[in-house]
Amino acid sequence: MGKYLFHPILKNIFPNWKFFERTSPHYRVFYQINDSLNDKNPWIELDTTFQRKDLRLLFNEKINLQHALNSTIERWILKINQENFHQDSAENLIEFKILKGFIANKIFSDDANFNFKIELNTDVIFSSTWERFSQ
Amino acid sequence: MISTETLALKQTILFFTLSQVIQTVEFLKMNKFFPKYNPWFSSAKELLQFKVVLWFRLILSMSLSYSMNSPLYFQAVLMTLFTMHLWTLVKMGGSFNGGSDDITTQTFLGLIICSVFNPVAGLWYLSLQLIYSYFAAGWIKIKNPEWRSGEALVYFLNAPQFALTPRLDLKNWNPKIIQLLCAGILTFELSSPLTLLFPSWTMTFLGLAGSFHFLNFLFFGLNRFFWGWITLYPALLYCSQFFKNS
């Protein structure tokens, strides 16, 4: 709890201002819905792109939300790709829970189970177990 | 007659009020995108708590500019808003909008120094953070060969995880022109400390900096960066004239 609370605060108080430091590999997120009618539905790509038509100088919540989702995915990929990272812990990270929440909101049936995977340059680097929407 | 530091402080607070109102309204409006549940909160109760804090934060943000005439009330509002800002970041898993969260924190710290200790010290803190933010960003870029060759600019303007669609495709542009654009960005960022040495250069620098943030807004949608950084411009303008006037 201490680390979870204080590390982000310290990072804000002592920022490093490293913007657009280096290029990173392109990732794609896919999800799959498993409903009672069909247990092998196709993979659907999660839209992580930004649309210029949504751009607002004052209240730009849609694009900022998209930025938050993308940086969450990037932070998660960085963490799970670290040496000595125990892959079983990937689903315990806060970033995983946020991503799961984003996908759950894309699915309109409360009865559906879903799983998702992340591809980095066409390699699958993570595949979740089946998740069920729950508050 | 109003002193130059009071004027700079008032202008900073005015911009900061606007920036805080924008951030808070954005958080409130985001809930419409989550018909089932908000991914940052594990229960409906926690989400309700967050919304109540946001409404309170909105009211306090709007009162920030008006509270300047009463130092004690201003300090109380500032400290409460700062606590709410940090609390929001913790609730968002540590970071919501990267650099704009950081510049907001730095603005709070600078204004706290202004109100608790000394306005001039606070304005200097804000100016030095502003200069350092540009310089550090330029320094890490110039060390990277991808930025020196221009590849990084082409990449970022085309990266789906950063750039708005439709994107500005520089792939078919003359590489020399792209390299020149990169050199311009690096020169601009690394020249930020010169604003203190050559006060006559400050207005030009801030004009370029404002345009740079506006272009970042147009290509990457970074509106919070635009408002967050221009909030500190009155402080730098004041500090760049400090030795000339004293």
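**Pockets and cavities in this model**

The largest pocket here has a volume of about 1,900 Å³. Keep in mind that this is a predicted model. There's also a second largest pocket, at about 680 Å³, plus two cavities of 30 Å³ or more. Let's take them in turn.

**The largest pocket**

- A total of 48 residues line the largest pocket, and the ones nearest its centre are Lys11(A), Ser71(A), Glu74(A), Arg75(A) and Leu78(A).
- Sort the lining of the largest pocket by class and you get 21 nonpolar, 16 polar and 11 charged residues.

**The second largest pocket**

- The second largest pocket comes in at about 680 Å³, and of the 32 residues that line this pocket, Leu153(B), Ile185(B), Phe212(B), Leu215(B) and Asn216(B) are the closest to its centre.
- Look to chain B for the elements that give two or more residues here: helices H5 (119-142), H7 (151-158), H8 (175-190), H10 (199-220) and H11 (223-230).
- H10(B) gives the most to the lining of the second largest pocket, with nine residues.
- As for class, the lining of this pocket splits into 23 nonpolar, seven polar and two charged residues.

**The largest cavity**

- The largest cavity has a volume of about 40 Å³.
- Its lining is made up of Gln23(B), Phe27(B), Arg57(B), His85(B), Thr88(B), Leu89(B), Phe96(B), Asp101(B) and Arg224(B).
- Two helices of chain B, H1 (4-30) and H3 (71-91), are the elements that give two or more residues to that lining.
- H3(B) provides the largest share of the lining of the largest cavity, three residues.
- How many residues of each class line the largest cavity? There are three nonpolar, three polar and three charged ones.

**The second largest cavity**

- The second largest cavity also has a volume given as about 40 Å³.
- Around the second largest cavity you'll find Phe27(B), Met30(B), Phe34(B), Asn38(B), Trp40(B), Phe50(B) and Met92(B).
- Spot Phe27(B) in that list: this residue lines the largest cavity and the second largest cavity.
- By class, the lining of the second largest cavity has six nonpolar residues, one polar residue and no charged ones.

Key
Residues numbered from 1 in each chain as written. Chains lettered and ligands numbered in written order. Predicted model: local features only at pLDDT ≥ 70, side-chain atom pairs only at ≥ 80, totals over all residues. Heavy atoms only, no water. 1 Å grid on protein atoms, 1.4 Å probe; cavity = no way out; pocket = protein on both sides within 12 Å on 5 of 7 lines; lining within 4 Å. Points joined across faces, edges and corners; volume = space filled by probe spheres on them. Nonpolar A, V, L, I, M, F, W, Y, C, P; charged D, E, K, R; others polar. Helix = DSSP H or I, 4+ residues; strand = E, 2+ residues; numbered from the N terminus.
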